[in-house]
Amino acid sequence: MSFIHIEKNSDFPLQNLPYGVFSTEEEPRQRIGVAIGDQVLDLSAIKHLFSGPALSKHQDVFDQPALNGFMGLGHEAWKEARKFLQKLLSASEPTLRDNSELRKRAFVPQASTIMHLPAEIGDYTDFYSSREHATNVGIMFRGKENALMPNWLHLPVGYHGRASSVVVSGTPIRRPVGQMRPDDAKPPVFGACKLLDIELEMAFFVGPGNKFGEPIPVNKAHEHIFGMVLMNDWSARDIQKWEYVPLGPFLGKSFGTTISPWVVTMEALMPFVLPNPVQVPKPLPYLCDEEPYAFDINLSVALKGEGMSNPAMICKSNFKYMYWTMKQQLAHHSINGCNLRPGDLLASGTISGPDRENFGSMLEMSWKGTKVIDLGNGHSRKFLQDGDEVIITGHCQGNGYRVGFGQCSGKVLPAISVP
């Protein structure tokens, strides 16, 4: 119980306390905050109160305009900060509750904040770790017999994305232009993407990195995972199809990736941990880990087109459908000695489940454009139209509370005019 009023279905109860970076019109300086109810606790205003052994000499991390410094302090500092903040915000703790002057400086209504990317993202990697999604795409393009590539069940497939075009929720996304080859019998054409798609994903931020040349063991990987956000990895399917052989996605992906602003820590998510999926064949030893690290996170995607009074739900999925865990992804990413750094972003890949309502992309929902996605009231889609707003939400359901992520949203703008 907190002295801050928290609605029953709030994403941000005392059990959550996610970190983000915000500013206000009155104070444009970017600073680190924690969401509690409908308020943001400005950590730069209370940094002097962090007096524990891990944080007393590092209070300056809460004065920075991004979370990288705090992420880099590691597991013990994160646990200490969480324990302290839960105590500070509890109904029985007078330190902040009874200090009206400090409260006035420290709390900002969420409604008056401007949210920013939570970290300076040095590198961004996108995995492809949903078996259902990989199988669906494989069936569409290669047939049932060759749905999964030979390597898929042996390693977490991934590629390096573009960190500079990762944007915070609410940022409009411009429809990309590029080369496409809609008719295989004719030369490629240039123009606006016609098959613009979403990808329902989640992503995690790396905490302490590893030294160049020194892998992160899978049984220690959790010490390097700070927390998670929602993600929409927008995709230009027609551009991607023409360009991706032999080196993989490029312009079909790099035009925009949206993440939610609040980073939910792994400590907040541990009550919702599930056993890892059964993996057959058994992975190689460097990827074997018995500790549960799958999570029961309910995910939803809604679409609101121009002329629609309310968003229509087009997908309900769950992070538990992932085949490869985040620990396996991190261990694989670093096994060759690749050095990761605080603030690096590693994404799950599209999260799809066993049924059509669980499919995390319109490519799957429309089965490559052969089926209509019904939005109700006479509206339908196969792929995204200009003016469409996509809203991803996610939460873990506890007993009488929920640990939520807020929103990950973006609206499609028309393509630029190109001569």
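These are my notebook entries on what I looked up in this predicted model.

**Ground rules**

The model is predicted, and I keep its conditions in mind: local features need pLDDT of at least 70, side-chain atom pairs count only at pLDDT 80 or more, and totals for chains, interfaces and linings use all residues. Residues are numbered from 1 along each chain as its sequence is written, and side-chain values use heavy atoms, with hydrogens and water left out.

**Entry 1**

I began with strand β2 (residues 31–36). Strands here are DSSP runs of E with at least two residues, helices are runs of H or I with at least four, and both are numbered from the N terminus. I looked up how many residues of β2 are buried, where buried means under 20% relative accessible area, exposed means over 50%, and partly exposed is in between (1.4 Å probe, protein chains only). The count is 6 of the 6 residues, so β2 is largely enclosed by the rest of the structure.

In a regular strand the side chains alternate between the two faces of the sheet.

Next I looked up the pairing, which requires DSSP to find at least two bridges between two strands. β1 and β2 pair in the antiparallel sense over 4 bridges. Within this pairing, valine 21 has isoleucine 32 of β2 as its bridge partner. β2 and β3 also pair in the antiparallel sense, over 4 bridges. Glycine 33 stands opposite aspartate 42 in β3. β2 and β3 form a hairpin with 2 residues between them, and glycine 37 in the turn has a positive phi of about 60°.

**Entry 2: salt bridges**

Side chains of opposite charge can pair when their charged atoms come close. I counted a salt bridge where a side-chain nitrogen of Lys or Arg is within 4 Å of a carboxyl oxygen of Asp or Glu. The count comes to 13 salt bridges.

One of them joins arginine 31 and aspartate 42, at 2.8 Å from N to O. This pair links strand β2 to strand β3 (residues 39–42), with its two residues 11 apart in the chain. Arginine 31 is buried at 5% relative accessibility, and aspartate 42 is buried at 4%.

Another joins aspartate 63 and lysine 47, at 2.3 Å from N to O. Both lie in the loop between β3 and α1 (68–73), so the pair ties together parts that are 16 residues apart in sequence. Aspartate 63 is partly exposed at 34%, and lysine 47 is partly exposed at 25%.

I also noted a network of salt bridges that links Asp197, Glu199, Asp233, Arg237 and Lys253.

The pair of aspartate 11 and arginine 402 has its closest N and O atoms 3.3 Å apart. Aspartate 11 is in the segment before β1 (19–23) and arginine 402 is in strand β26, 391 residues apart. Aspartate 11 is buried at 18%, and arginine 402 is buried at 18%.

**Entry 3: strand β26**

I followed arginine 402 into β26.

Strand β25 (residues 389–397) runs antiparallel to β26, and 8 bridges join them. Valine 390 has glycine 410 in β26 as its bridge partner. β25 and β26 form a hairpin with 4 residues between them, and glycine 400 in the turn has a positive phi of about 85°.

Strand β9 (residues 173–174) runs parallel to β26, joined by 2 bridges. Isoleucine 173 stands opposite valine 412 in β26.

**Entry 4: cysteines**

I looked up how many disulfides the whole structure holds, taking a disulfide as a pair of cysteine sulfur atoms within 2.5 Å. The search finds 0. The sulfur of cysteine 408 is 13 Å from the closest cysteine sulfur, in cysteine 315, too far for a bond. Cysteine 408 is buried at 1% relative accessible area, while cysteine 338 is partly exposed at 24%.

**Entry 5: helix α2**

Helix α2 (residues 75–88) has 14 residues and reaches 20 Å from its first C-alpha to its last, close to the 20 Å expected. The expected span is 1.5 Å times one less than the number of residues. Its buried residues are Ala77, Trp78, Glu80, Ala81, Arg82, Leu85 and Leu88.
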